[in-house]
Every structure is written in C-alpha cells, then in structure tokens.
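Let's walk through this fold together, one piece at a time. Keep the model open and turn it as you read.

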Amino acid sequence: MSLRLFGCLCGQFHSDGVAMAMPGERVSVPIPFYVLEHPEGVALFDCGLPAAMVDPDESYRVALRKVGLDATLTPEETLTRNLERLDIDPARVRWAALSHLHFDHAGGLRELPNATVIVQRREWEAGFEPELSSRYGLRKRYFDLGHPVTLVEGEHDLFGDGSAVLVPSHGHTPGHQSLRVRSDRGDHILAGDACYHCGVVETRQFPQMSDHAAMNRSLDALLALRGPDTVMVWGHDPDQWGERPVLPNARD
Ligand SMILES: [Zn+2]
C-alpha cells in the first residue's frame with residue numbers, strides 16, 4: 001500500500017457541553033488533523049489551530065472567551081511540531097485539503113509556505129461573502145493567506161489513484177467536505193465536522209448555526225459510503241484520541 005496515514009492533535013477546543021452535543025457543563029475536545037504521505041507528495045487533511053494561539057492573548061482567543069469558548073494549544077502541539085516529529089519539513093507539504101474554513105481546521109495554513117489549498121468552491125466563496133462568512137464564522141485572516149487555491153465541486157481524487165477522495169458533506173458550513181482514505185491502515189472516512197463525535201450519529205444534535213437538513217443528508221451519505229471494515233473518524237471525538245488513538249501520530 002503506497003499511502004500512509006497519520007492522525008495528529010493540534011490543541012483543544014473548550015465550550016459548554018450543549019455546543020458539542022455532549023453531556024457536562026464544560027467540555028474539552030481534541031482538534032485533529034491528518035497527514036497523508038503518498039509517492040506523489042505529502043498532503044494534509046485540515047491543519048489544526050494557528051500556532052499564534054499558543055498565546056492566550058491572541059485576539060481571536062480573547063474574542064472566543066467573551067462568548068464562553070476557548071481554544072488552547074501548547075508549543076509541542078503546533079502543526080509544525082507535529083510534522084517535525086514525523087520527519088516532515090512543513091515546506092514539503094504540497095496540498096492542504098480543508099474540510100472547511102473554521103479557524104481550528106484552516107489555522108495551521110500559515111505554517112505551510114508551499115501548499116496548495118484544496119477546498120470546495122462553495123466553501124471558499126462563502127468565506128468572501130459578508131453575510132455567510134459572519135453567520136458561519138469563517139475568518140479570512142486564517143485562510144486567505146495567498147496560497148494557490150484549487151476549488152473543487154463535488155468529489156475530488158487527491159492523488160489520482162483513488163486512495164484519497166474528497167467527498168462533499170455540506171451543512172456544518174456551506175461547502176464542508178470529508179475525506180475517504182484507503183491506506184496502510186485500512187479504510188477510513190475522515191468525517192471532519194460533518195459529525196463531531198460518535199454520539200451524534202444517533203442524536204443528530206447538530207451545531208446551532210449549521211444547516212441541519214443538509215447535515216442530516218451529508219451524514220447519511222457518509223455512513224452509506226462505509227464498507228464492512230471502514231473506520232469512521234469523527235471531527236472532535238475525545239473517545240477516539242485517548243490511550244488508543246484511532247490513528248497513529250508517529251512512525252512505528
Ligand atoms: Zn471543528
């Protein structure tokens with residue numbers, strides 16, 4: 001198998017339980033991103049928080065705290081440190097496919113000088129449309145950094161060999177997408193925020209700002225893509241990143 005898949009954690013998101021569809025007044029959830037090492041080059045799916053968020057006074061963190069949210073990141077958890085532990089120079093990353101343009105998925109872009117961003121056209125356009133970008137919380141300062149951008153509409157085969165295929169899963173944001181991966185680790189569907197965690201498959205408790213009808217359709221479509229051995233990897237599921245993480249973050 002020519003594709004290797006890793007899962008790395010880049011900080012945590014903190015909110016009330018309701019916002020994450022979880023029990024408990026306050027919850028903390030992991031912020032994963034994924035590394036795909038292919039003979040054609042290294043691609044990421046999502047890229048975590050911006051390294052600047054190591055600083056509690058980073059301006060968006062200050063703004064988040066005013067509405068009862070926060071994101072925390074240690075110097076060891078930045079995108080760059082995660083890649084270095086895999087012996088990957090961030091300058092070597094050729095593609096950054098983003099599930100969507102939220103700060104906890106696009107934030108690490110600033111650390112990728114040579115990456116082409118791959119995003120659904122409707123997501124990118126929403127990011128520049130005042131009403132949609134404000135409703136969905138898409139902040140240009142975290143994604144509009146001058147990278148070359150490939151806009152895709154519908155499915156997109158990342159390496160051209162079927163090993164990693166982006167599939168639209170709109171609803172969380174206008175152009176959200178997920179990634180189906182066939183790698184040395186077996187078959188995975190990286191759902192992104194089409195589904196925050198396993199429990200949402202049953203409860204369908206989606207974030208307030210999202211398009212719930214679209215999220216229902218998207219989640220059904222993702223579940224229908226599963227084969228008998230496919231592992232679903234959810235957007236922010238604490239149970240998938242505990243002692244036995246769903247994907248390795250290091251070479252064995
Ligand atoms: Zn997220």
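Strand E5 (residues 93-97) runs parallel to E6, and 3 bridges join the two. Two strands count as paired if DSSP finds at least two bridges between them. If you want a spot to look at, Trp-95 has Thr-116 in E6 as its bridge partner. Before going further, note that this is a predicted model, in which local features need pLDDT of at least 70 and side-chain atom pairs count only at pLDDT 80 or more, while totals for chains, interfaces and linings use all residues. Residue numbers start from 1 along each chain as its sequence is written.

Move across E6 and you meet strand E7 (residues 149-152), again running parallel, with 4 bridges to E6. How much of E6 (residues 116-120) is buried? The count is 4 of its 5 residues, so the strand is largely enclosed by the rest of the structure. Buried means that 20 or more other C-beta atoms lie within 10 Å of the residue's own; with 12 or fewer it is exposed, in between it is partly exposed, and the C-beta atoms are placed from the backbone.

Now zoom out to the sheet these strands belong to. It is an open sheet of 7 strands in the order E4-E1-E2-E3-E5-E6-E7, with mixed pairing. Its edges are strand E4 (70-72) and E7, each pairing on one side only. Neighbouring strands of this sheet are turned by 25° against each other on average, direction ignored; the axes behind that value are lines fitted to C-alpha atoms (for helices over the stretch in contact), with angles running from 0 to 180 degrees between N-to-C directions.

Elsewhere in this sheet, strand E1 (residues 4-16) and strand E2 (residues 26-38) pair antiparallel over 11 bridges. Ser-15 stands opposite Val-27 there. E2 is also joined to strand E3 (residues 41-45), antiparallel, by 5 bridges, and Val-35 stands opposite Leu-44 in E3. Follow the chain from E2 into E3 and you'll trace a hairpin with 2 residues between the strands.

There's another open sheet to find, this one of 5 strands in the order E8-E9-E10-E11-E12, also with mixed pairing. Strand E8 (156-157) and strand E12 (231-234) are its edges, each pairing on one side only. E8 runs antiparallel to strand E9 (residues 164-168), and 2 bridges join them. His-156 stands opposite Leu-166 in that pair.

Next, have a look at helix H8 (residues 212-224). Which residues of H8 are buried? They are Met-215, Ser-218, Leu-219 and Leu-222. These cover an arc of only 100° around the axis, which puts them on the same side of H8; the arc is that of the directions from the helix axis to the C-beta atoms. An α-helix has 3.6 residues a turn, so residues three or four places apart point the same way. The face turned away from the buried side carries the exposed residues Ala-213, Asp-220 and Ala-224. Strand E10 (177-183), E11 and H7 are included in what covers the buried residues.

That brings us to Cys-195, in the loop between strand E11 (186-192) and helix H7 (200-203). Cys-195 is buried, with 28 other C-beta atoms within 10 Å. Leaving aside neighbours within four places in sequence, it is in contact with Val-200, Val-201, Leu-219, Trp-234 and Gly-235, where contact means C-beta atoms, placed from the backbone, within 7 Å. Cys-195 and Ser-218 are 23 residues apart in sequence and 9.3 Å apart in space, C-alpha to C-alpha.

Finally, the whole chain. It holds 8 helices and 12 strands, and 44% of its 252 residues count as buried. Of the contacts with a separation of 6 or more, 66% come from residues 24 or more positions apart. The C-alpha atoms fill a box of roughly 45 × 40 × 35 Å along the principal axes.

Key:
Two residues are in contact if their C-beta atoms, placed from the backbone, lie within 7 Å.
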